[in-house]
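Please look at the structure before reading the points.

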Amino acid sequence: MKILMITSEAFPFVKTGGLADAVSALAIALHKCGHDVRIVLPRYYTIRRDSLELLNAPLKINIGNKVYSTSIYKTTMPGTTNRTDKIGLPVYFIDYEPAFGRDGVYGSKTESDFRDNPFRFSILCNGVFELCKKINWYPDIMHAHDWASALVPVLLKFYKRKEQFSQVSSVLTIHNLGYQGVYSKENYPITGMKWTEFYKAGFEDWDNINFLKAGLVSADVLTTVSPTYAQEIQTAAYGFRMDPIIRNRKSDVYGILNGVNIDVWNPMNDNKITANYSVKTMDKKAENKAELQKRMGLKIDSTIPVVGIITRLTDQKGVSELFGPTYGCVYNMCVDFKMQFIVLGSGEKWCEDELRNLNSKLPNMGVYIGYDDELSHLIEAGSDFYLMPSKYEPCGLNQMYSLMYGTLPIVRRTGGLADTVEQYNEKTGEGTGFMLNDLTPRSIYDTVGWAMYAWYNKPEHIKKMKIAGMKKNFSWEMSAKKYEDVYKIAQNKVKE
Ligand code: ADP
C-alpha cells in the first residue's frame, strides 16, 4: 500500500510529545513490512535546511483566492536505509516562513497557542494535495494524526476526491482527545473550506471552529491508541464533548495499542543504565537500583522498595491527587510506608514548587525537576514499582517500559493502562501490576500500600509478576499489522 502520514511532529526531526514517536515508529514498522510509506510535516525553524534536500520549483498552494508559494524539502528517515536493497522512507517538509519560521510547534513561551495556528496548519493540510501532484505520487491512504492534520480528511471528502485522489481513503488517529484545535470562527475561510460546508463538515463548535471535530466527522476511519481509550472516548466522562460524534461513528472506530521502540527501550542493551539485564539475569537490576538511590541522594539499601514516577506535571497525570497541597497523598505515603519515592518531572509551576517543598521535608523522597532522558532510563531500570495514576491515558508509554524493565506498574485502570497491565492476584501471584479504579488520594495511597505489603510479605509473587511483565511483547510490528487491516477497511469504504 501507499501510505502518506500527515503530522505536525515526527521524531527525530521535531518532538513535543508521544505523537512524534508514535508517528515515526508506525511509519518505520509499515515500511519494514514493505509498504511505500512517506511522511509530510512542516519545516519548522529548528529543522535545519542544510540537512535536507530542496525539491526544485516552488510548491504553490491555493487557499480561497490566494496563492501561497512554498518550498518542499526532503530527506530520508534515519535507520530506514540500513540494508543496501532497501529504499529509505521519504520525509517531506513544507517550508513556508510566515507559518513555520519561528520558534515553537504549536506555541511559544510568550504565546502558548499561536493565534494563527488555523493558517499554519491549513498550509500543511492544503499543501499535502499539491505535494502529491508535484511528486506525481498518489497514496492509497492519507493518515492524519490529531487536530493539526485533521483538515486533510475534510478537504479530501469535500473537494479533493476527484481525478487523482478519487481512490484515496483517509484515516484519522486520535492520540489525545484533550487537544482539538478550537479557534475563532473568523479563521474558517483560511481552511480553504466554503461556508456552505461549515455545518456539514462538522467545524461548528459553539461559534468557534474545531479542527478535530471536523476530522472526526469526515475521516473514513477513526483510530485511537488503545482499545480501552476507543471505548472511553465514547462516554461523556472521557469524550471532551466529542463523545456523541464518536458514538455515532462507533463502527468506524478502532483502538490499536502503540508499540515500544525497542532500539531505545530494552534493558538488555540500554546504554543509559548502569547494568544491562534480562529475565534470566534479573539480579543485575539491583545494580541499577543502587546507582539510582545514590544519584537521588537516598539511602542505598536493596531491601527498601523504590517507587518511581516520570511525568509531565499536568492534571492529566493525576498530579493534584499526588502532590496537591494538604490533600495529595504523597506526604502520608512517604511517612507511613517504608519505601523510597523518586519523581522526575516538569510542568505546572504549582506542582514543581510543591515537589520541592515535599522533597525538603521527606528524607525518603528524591526529586528532579526538569527533563532528563538519561535519568528516565535509570529510573525505569532501578525502581521496583512505577506509579502512573492518570486521569485519562490514551496509551501511555512508561507503564510498558516498566513492564519490560521488571518494574511493577501501579496504575489507574484507564485507557492504555487498562490494556497493558494485569491486576495482581494475591492468591496466585498472577498479574503484572497493581490497579486502582477511582482517582482519589485515598485510593492511590491504598494501592501503593497494597504493593508495599506484597513487597514485604509476598516476595515470591513480586518476582513472578516481574517475570510475567518482562515477557510481554509490545513491538510495533504487531500494531503495524492491525493498522494494515484498518487501511484495508478504509479502502473498501471508498470503493463502496
Ligand atoms: P504523554 O505523551 O502523555 O506525556 P506518555 O507516557 O505516552 O505520556 O509518554 C511520555 C514520555 O515522555 C515517556 O517516554 C516519558 O519517559 C517521557 N518523559 C516525560 N517527562 C519526562 C521528564 N521530565 N524527563 C524525561 N522524560 C520524560
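The notes below treat the domains, the contact between them and the ligand site.

This is a predicted model, in which local features need pLDDT of at least 70 and side-chain atom pairs count only at pLDDT 80 or more, while totals for chains, interfaces and linings use all residues. Residues are numbered from 1 along each chain as its sequence is written, and side-chain values use heavy atoms, with hydrogens and water left out.

**Domains**
- The protein chain is assigned domain 1 (2–259 + 476–495) and domain 2 (282–470), with bounds from an automatic or database domain assignment.
- Between the C-alpha centres of domain 1 and domain 2 the distance is 34 Å.
- Domain 1 gives 15 residues to the contact and domain 2 gives 16 residues, where contact means heavy atoms within 4.5 Å.

**Interface between the domains**
- About 1,100 Å² is buried between domain 1 and domain 2, and 55% of it is on carbon and sulfur atoms; buried area is the accessible area (1.4 Å probe) that two parts lose on being put together, summed over both.
- On the domain 1 side, T228, Y238 and L257 lose the most area to domain 2, together 33% of what that side buries.
- Domain 1 and domain 2 have 7 residue pairs in polar contact between them, both residues at pLDDT 80 or more.
- A polar contact is a pair of N or O atoms within 3.5 Å; within protein, one must be able to donate a hydrogen and the other to accept it, and residues adjacent in sequence count only if both atoms are side-chain atoms.

**Ligand site**
- The ligand is surrounded by 16 residues, and the closest are R312, K317, G370, L397 and N398; a residue counts if one of its heavy atoms lies within 4 Å.
- K317 places a polar side-chain atom 2.8 Å from an oxygen atom of the ligand.
- A polar backbone atom of G370 lies 2.8 Å from a nitrogen atom of the ligand.
- A polar backbone atom of L397 is 3.0 Å from an oxygen atom of the ligand.
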